[in-house]
Amino acid sequence: MPYLRSKRLPTRVLAVTAALAAALGLGAQAPAGAAEPPRPPDTTAAQGPSDDRPHGFASLAGGTTGGAGGKVVTVRTQADLAKYAAADEPYIIRVAAAIDVAPFGSDIDVASDKTIVGVGTSGEIVHGELHLNPGTHNVIIRNLTIRDSYVEGDWDGKTTDFDAIQMDSVHHVWIDHNRFTHMGDGLLDVRKNSEYITVSYNRFDTHNKAFGIGWTDDVRTQITIDHNWFRGTKQRNPSADNCAYAHLYNNYLSAQVDDGDPVWSYGNYARGRTKMVIENSYYEGVQHPHQADETAELVQRGSVLKNTTGRHDTRGTAFDPHAFYPYRLDPAAAVPALVKKFSGPQRSLGTDTVLHVPADYPTVQAAVDAVPAGNDGRVTLALAPGTYREQVRIPATKPDLTLLGTGDDRADTVIVYNTPNEYGGSSGSATVLIAARDVTVRHLTVVNDFDEAAHDLNSEQALAMKTTGDRIVFEDTAFKGNQDTLMTDSPRLDTVSRVYVRDSYVEGDVDFLYGRATTVIENSLIKALSRGSATNNGYLTAASTWKNNPYGFLITGSRVISDAPVGTFHLGRPWHPGGEPDAIGQVLVRDTELSAAIKASPWTDMGGFSWRDARFSEYRNYGPGAAVTADRPQLSTEEAARHEVADYLAGTDGWVPYRR
């Protein structure tokens, strides 16, 4: 079943800082204290502020995936957060409220294989700590605000140990896009030989001891610290004790607490036998911006130092971060604007949970099954290029899903099965069945490859896709089959569901666009397949629109092509399921190029119902298969103005998917 490949262009990730710097009029500033000329940026591994996979050391030695492969849950109470965070099995935990922890300063234990992510800017942990016990591994903590466990008068944190996050002897942890503020003792403590840690795009503010690493005589910790904002903090920004490798880049230190302390107000500190590399950071009004013990090694290059005093130590050669992982440096001059904009919790994060297939979920259906019933946030199933031979069922209880093929072309990612209508009717036949509302499918091919010629069955219809949910969008999607390829339906005759198909491809022979949903097919390619007949090769549409619904199928701005002989294909026929008299099909084909295979009298009867009693019409079609005859009703210009895409899809809620 050949078809045309999509014209989707391969995506290119552009450096956000270049545009940001240009917009802010940031010119080049001379880097201070550069030990060697900075190497050209590595553009092969651009890490954006919204990427859902870790970079740096947390990406090494098997990587950090958090709760990937587990179920998605949304929590709003301390009890639920504590339950799922401490569970033995993996979970993706969405925090959708400010959770007030009691008793004051209590720990919430986080076990291995967990992702804890705030939903937009709503996720907060107040008066409590996330604690990772020895042996914990594979944890992602993102997009949270953890705040207000400070005990009045205990500025040095000597009587309490109320950190925001504390971890002991753990490995593979990613701390990203959080805000830590006004806690007791430290904000973030990475302790006792913890390994493969990345801390990125966080805000540390309004505190004494911000971020400590170490509490060990061993030299094992590997840590990446980038794009963080340390503001209104006094010390440990960070302090790194006996780190095997500490890579700090593109961090911003500003508004340091000024209490006259000549020693313990400082920026970055390499202690013990730490090897530290600092690149393209920005220090503003900081005492002792970077310092090192005589036993440590510290390399600094490319940073901007503005109004700094005290120690500016460099010592030894440390290490080459490029020997461990690829990364791209942002210009130091752009760091303040970049970090102010993108560090800390983001409204765009946590609202769309991404489940990777097959990296984390072996099948598409396994990923669907991981989505909770009644999920209250968008979930994207990101399908790697490949062929998935399975049936996929998205029940009505799982709305707000996106199925996204991640290849360069929709042909790269295929969901295919081979069940005919004989075994389970239309729903049982469909390769993909979407019963939920607000589902989007992009950059995919969906196929039913049942071989009609090899079987002799009573019901050989074989659906690639069936929908019954409302507000379904298909973009750059291909549907391949023979009879009944794409069925857009609704739960009941008098229930209106809407489907929008754009920039897509549909092929088939008999009734391969059918059902009672209000369906718009725009800017798409429709291929009518030949069945080898010299007189009748099939029908594009079989609409069963409810009589009180003025809008059924609209095919607009599209092309109909065919390998069938001239004059052997119908535009459609009226389908009355089970003889239902109130199913009065409505189809409009407008502004569309029609193949010569389309019959001069393109509408025909079905099951004893006359096509003339249905609502079939055309408007401004062109091409060798277009004509204006007595058997081809045409809309007037006035009528056509009431049959635009917006009219079909608006419903009572003003749905406008075509504005993307």
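Reader: Does Phe57 count as buried or exposed?

Author: This is a predicted model: local features need pLDDT of at least 70, side-chain atom pairs count only at pLDDT 80 or more, and totals for chains, interfaces and linings use all residues. Residues are numbered from 1 along each chain as its sequence is written, and side-chain values use heavy atoms, without hydrogens and water. Buried means under 20% relative accessible area, exposed over 50%, and partly exposed in between (1.4 Å probe, protein chains only). Phe57 has 1% relative accessibility, so Phe57 counts as buried.

Reader: How many aromatic pairs are there?

Author: Rings of Phe, Tyr and Trp (its six-membered ring) pair if their centres lie within 6.5 Å. Planes under 30 degrees apart count as stacked, over 60 as edge-to-face and the rest as tilted. By this rule, the number of aromatic pairs is 22.

Reader: What kind of aromatic pair do Phe57 and Tyr245 form?

Author: Their rings lie 6.3 Å apart, centre to centre. The angle between the planes is 20 degrees. That pair is stacked.

Reader: How many residues apart are Phe57 and Tyr245?

Author: Helices (H or I, at least four residues) and strands (E, at least two) are DSSP runs, numbered from the N terminus. Phe57 is in the loop between helix H1 (16-23) and strand S1 (71-75). Tyr245 belongs to strand S19 (residues 243-249). The pair links distant parts of the chain, and the separation in residues is 188.

Reader: Why does Tyr245 count as partly exposed?

Author: The class follows from relative accessibility. Tyr245 counts as partly exposed because its value is 25%.

Reader: Over which ring does the charged end of Arg573 sit?

Author: A charge sits over a ring if NZ of Lys or CZ of Arg is within 6 Å of the ring centre and within 35 degrees of the ring normal. Arg191 sits this way over the ring of Trp215, 5.5 Å from its centre. For Arg573 the distance is 3.9 Å, and the ring belongs to Tyr539.

Reader: In S46, which residue is the bridge partner of Ala542?

Author: Two strands pair if DSSP finds at least two bridges between them. Strand S43 (residues 538-543) and S46 pair in the parallel sense over five bridges. In S46, the partner of Ala542 is Arg573.

Reader: Which strands stand at the edges of the sheet of seven strands?

Author: This open sheet has the order S30-S33-S35-S37-S40-S43-S46, with parallel pairing. Each edge strand has a single partner strand, so one side of each is left without a neighbour in the sheet. Those strands are S30 (392-394) and S46 (569-574).

Reader: Why is strand S25 largely enclosed by the rest of the structure?

Author: S25 (residues 297-301) pairs with strand S22 (residues 275-279) in the parallel sense over five bridges. Glu279 stands opposite Arg301 in S25. S25 is largely enclosed because, of its five residues, the number buried is four.

Reader: Which residue in S19 is the bridge partner of Ile223?

Author: Strand S16 (residues 221-226) and S19 pair in the parallel sense over six bridges. In S19, Ile223 is bridged to Ala246.

Reader: At what distance does the side chain of Ser194 reach the backbone oxygen of Arg191?

Author: Ser194 is in the loop between strand S13 (186-191) and strand S14 (195-200). A polar contact is a pair of N or O atoms within 3.5 Å; within protein, one must be able to donate a hydrogen and the other to accept it, and residues adjacent in sequence count only if both atoms are side-chain atoms. The side chain of Ser194 reaches the backbone nitrogen of Ser169 at 3.3 Å. For the backbone oxygen of Arg191 the distance is 2.7 Å.

Reader: What is the relative accessibility of Leu355?

Author: Leu355 is in strand S27 (residues 352-357). Contact means heavy atoms within 4.5 Å. Not counting residues up to four places away in sequence, Leu355 touches several residues, including Val72, Ile92 and Tyr361. Leu355 counts as buried because its relative accessibility is 0%.
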